[in-house]
Amino acid sequence: MLAARLPGLLPPMTDDEALTSAAILSASSLGFAPEQWRQRPFRAPHHSSSSVALVGGRNPPQPGEITLAHMGVLFLDELPEFDRKVLETLREPLEAGRITISRAAQQADFPAACQLVAAMNPCPCGWRGDPNGRCRCTPEIAARYLRKLSGPLLDRIDIQIELPALTQSELSARSSVRGEPSMSVARRVADARERQVQRQGKMNRELDGREADAVCRPDGAGESLLREAGERFGWSARAYYRVLKVTRTVADLAGADVPSAAHVAEAVQYRRAMAIA
C-alpha cells in the first residue's frame, strides 16, 4: 500500500518524459489510454514472473516490466520469493537505466530508468525479531532466506531499511496522529529535483563517479564519517558512491548547499538493514 503511493510523490512528468512513457505503452501489448497521459507508471509483477516478463524478450522483442515502469516505480513484493536467476537479470538495467534485447534477426534497446522498490519478510515465517517470540525459524534458516538475494543486486538498492511491526497500542494511536500531507512531501521532492537540475543539469542518480566526487562531497566532518562507515561495513566502490549520492539527495531535500555529517549519518542508516540482518 505504501509503495503504491510513491508515484504521487514523484515530480510531475516533463513533456519529453510523458511522450516517452506514452510511446513505451503504445509499443507494448498493454496499449496507451488517454487517461494515462503524464501519469507516473506503477508496476507490481507477481513473484512467479519470468525473466522475459521482467526485463523483456520474445521475438520480435517486447518491453518487460522494468521498461513499462520507466520514469515510475517497479514494485517487487516478497522479493526472496522471486527466482534468483530472474532477479539477477535486473542488475545491468538497474545500473545503466537501459536494457538491450538481442535476437537472431534484430536487436531492441529499451529504456529502464525506474525506481525499484522491494519488500520482504525477515524470515520465511515473517516473525523474526517479534518480542513475543512467535518466530520459529533458526538463525541458519533466516540466513539462508536472506542469501537468496545476491550481494551485487543488493549493492544496487540505495536505501535498505527495516520496518518493525507496530504494536496494538501504536496501531490504535495512528487514528489520532496526523502525519505530513503527501502534497507537502511532493512539493519538497519537486524542489529538490529542481535544485539538482539547476546545479548539474541532471538528477543525482545520473552522476558518474567523477561528477559525484565534485558535486556530492560533504564537509570535513561528514567526509570523515563517510570514510569510517565505509571501512566498518566493507562497502564496495558501487555502494560507496550510492551512499554519497543519497547523502547529496538528503541535503537537497533539506535545502542545504553542502552535505553535513548529519546528512551522511542519515544516508548511512538507510543502508544498514541488510548489513546487520
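**Entry 1: Arginine 248**

I began with the surroundings of arginine 248. Setting aside neighbours within four places in sequence, I find arginine 248 in contact with Arg199, Asn204, Val215, Cys216, Ala256, Asp257, Val258 and Pro259. I note here that the model is a predicted one.

Next I looked up where this arginine sits. Arginine 248 belongs to helix α13, which covers residues 237-254. Is arginine 248 buried or exposed? I find it buried, with a relative accessible area of 2%. The cut-off for buried is under 20%, so arginine 248 qualifies.

I then checked its side chain for a polar partner. A polar atom of the arginine 248 side chain lies 3.0 Å from the backbone oxygen of aspartate 257. Aspartate 257 is also one of the contacts I listed above.

Cys216 is another residue on that contact list. I looked up its burial too. Cysteine 216 is buried, and its relative accessible area is 0%.

**Entry 2: Cysteines**

How many disulfides does the structure hold? I count 0 disulfides. I went on to cysteine 123. Cysteine 123 takes part in no disulfide, and the nearest cysteine sulfur, belonging to cysteine 125, is 3.5 Å away. Cysteine 123 is buried, with a relative accessible area of 0%.

**Entry 3: The cores**

I turned to the nonpolar cores. The largest has 22 residues. Which residues have the most contacts inside it? They are Leu54, Ile66, Leu74, Leu76, Leu87, Leu90 and Ile99.

Leaving out neighbours within four places in sequence, leucine 74 is in contact with Arg43, Pro45, Glu65, Ile66, Ala69, Cys114, Gln115, Leu116 and Val117.

**Entry 4: Strands β5 and β6**

β5 and β6 run antiparallel, joined by 5 bridges. A hairpin of 4 residues links β5 to β6. I looked up one bridge. Serine 102 has glutamine 107 in β6 as its bridge partner.

Which residues form the covered face of β5? I find Ile99 and Ile101 there. Arg98, Thr100 and Ser102 make up the uncovered face. Ile99 is also on my list of residues with the most contacts inside the largest core.

Definitions and conventions: Residues are numbered from 1 along each chain as its sequence is written. This is a predicted model: local features need pLDDT of at least 70, side-chain atom pairs count only at pLDDT 80 or more; totals for chains, interfaces and linings use all residues. Side-chain values use heavy atoms; hydrogens and water are left out. A nonpolar core is a set of buried Ala, Val, Leu, Ile, Met, Phe, Trp, Tyr and Cys residues joined through side-chain atoms within 4.5 Å. Buried means under 20% relative accessible area, exposed over 50%, partly exposed in between (1.4 Å probe, protein chains only). Contact means heavy atoms within 4.5 Å. Helices (H or I, at least four residues) and strands (E, at least two) are DSSP runs, numbered from the N terminus. A polar contact is a pair of N or O atoms within 3.5 Å; within protein, one must be able to donate a hydrogen and the other to accept it, and residues adjacent in sequence count only if both atoms are side-chain atoms. Two strands pair if DSSP finds at least two bridges between them. A disulfide is a pair of cysteine sulfur atoms within 2.5 Å.
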